[in-house]
Amino acid sequence: MLIFYDLETTGLNQYHDKITEVCFIKQIMLEFNEEKFITLINPEKTIPPIVTKITGIDQSMVVDKMTFPQISDQLLHFINSESIDKSFLVAHNNDNYDRIMLTEHFKNIGVDIKQFNWVFLDTLLIAKKLYPQFKKYNLKSLCEQLGVSTLSAHRAEADTIMVKNLYYRMLLDLEKETGISLKKLIENPQVVYNYYN
């Protein structure tokens, strides 16, 4: 099962900053049925003005929202589908940021995500391996270079949709690069993970 996701946060320190918004878009392989989990989150700390300027999320938008501990059970239930053996969580710069931030937030409430069968896929690392000639690898630049529609960046849902569309666009080039059929790449995200690891 593929789950595309993005986190908005109060800053870039994964150990001290807090999540302000999440979007997770789940796709059951072959069916392409989508389910979404989107919510603003009260970070229980002040959102810096520079972050509000980038994301558009200010204190008034999150003050009455649930905290991460309050939404954690619902989020875990969303990711850990009873009928699926393994979940592939796809984000941009996943290995250096989103995965670490998510891991820390769960760790802070006593949940070790290593107990789950989660594999983290990073569209940034796929792009760096697949397109070594590119000069920029941020999400918006990659979408522009590959003809993927861009949305207003730095909100969780918009960024997650761009990650999803970028991922499937890159699979077209990965098929040419590896000779592995698009169908197999879509059905077996582990093959994609193995490509850049």
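**Entry 1: strand S1 and its partners.** I began with Ile 3 in this predicted model, and I found that its bridge partner in strand S4 is Leu 89. Looking along both strands, I noted that S1 and S4, the latter spanning residues 87-91, pair in the parallel sense over three bridges. I then turned to S2, which runs antiparallel to S1 and is joined to it by eight bridges. As an example of that pairing I wrote down Leu 7, which stands opposite Val 22 in S2.

**Entry 2: the two sides of S1.** I next asked myself how many of the eight residues of S1 (residues 2-9) are buried. The count came to eight of eight, and I therefore recorded the strand as mostly covered, with buried taken as under 20% relative accessible area. In a regular strand the side chains alternate between the two faces of the sheet. In S1 I saw Leu 2, Phe 4, Asp 6 and Glu 8 pointing one way, while Ile 3, Tyr 5, Leu 7 and Thr 9 point the other way, and all of these are buried.

**Entry 3: Gln 27.** I looked up Gln 27, which is found in strand S2, covering residues 19-27. Is this residue buried or exposed? Its relative accessible area is 5%, and because the cut-off for buried is under 20%, Gln 27 counts as buried. I also noted that its side chain makes a polar contact with the side chain of Tyr 168, at 2.5 Å.

**Entry 4: helix H9.** In H9 (residues 189-196) I marked Pro 189, Val 192, Tyr 195 and Tyr 196 as buried. Why do they lie on the same side of H9? They do so because they cover an arc of only 110° around the axis. The buried residues of H9 pack against several elements, including S1, S4, helix H5 (123-130) and helix H7 (156-178).

**Entry 5: the nonpolar cores.** I then looked at the largest nonpolar core, which has 31 residues, and found that Leu 2, Leu 121, Tyr 167, Met 170, Leu 171 and Val 192 are those with the most contacts inside it. S1, S4, S5, H5, H6, H7, H8 and H9 each supply at least two residues of this core, and H7 gives the most, with eight residues. Apart from this core lies another, of 27 residues, and among them I listed Ile 3, Leu 7, Val 22 and Val 111. Returning to Val 192, I noted that, leaving aside residues up to four places away in sequence, this residue touches Leu 121, Ile 126, Tyr 167, Leu 171, Leu 174 and Leu 185.

Methods
Residues are numbered from 1 along each chain as its sequence is written. This is a predicted model: local features need pLDDT of at least 70, side-chain atom pairs count only at pLDDT 80 or more; totals for chains, interfaces and linings use all residues. Side-chain values use heavy atoms; hydrogens and water are left out. Helices (H or I, at least four residues) and strands (E, at least two) are DSSP runs, numbered from the N terminus. Buried means under 20% relative accessible area, exposed over 50%, partly exposed in between (1.4 Å probe, protein chains only). A polar contact is a pair of N or O atoms within 3.5 Å; within protein, one must be able to donate a hydrogen and the other to accept it, and residues adjacent in sequence count only if both atoms are side-chain atoms. Two strands pair if DSSP finds at least two bridges between them. The arc is that of the directions from the helix axis to the C-beta atoms. Contact means heavy atoms within 4.5 Å. A nonpolar core is a set of buried Ala, Val, Leu, Ile, Met, Phe, Trp, Tyr and Cys residues joined through side-chain atoms within 4.5 Å.
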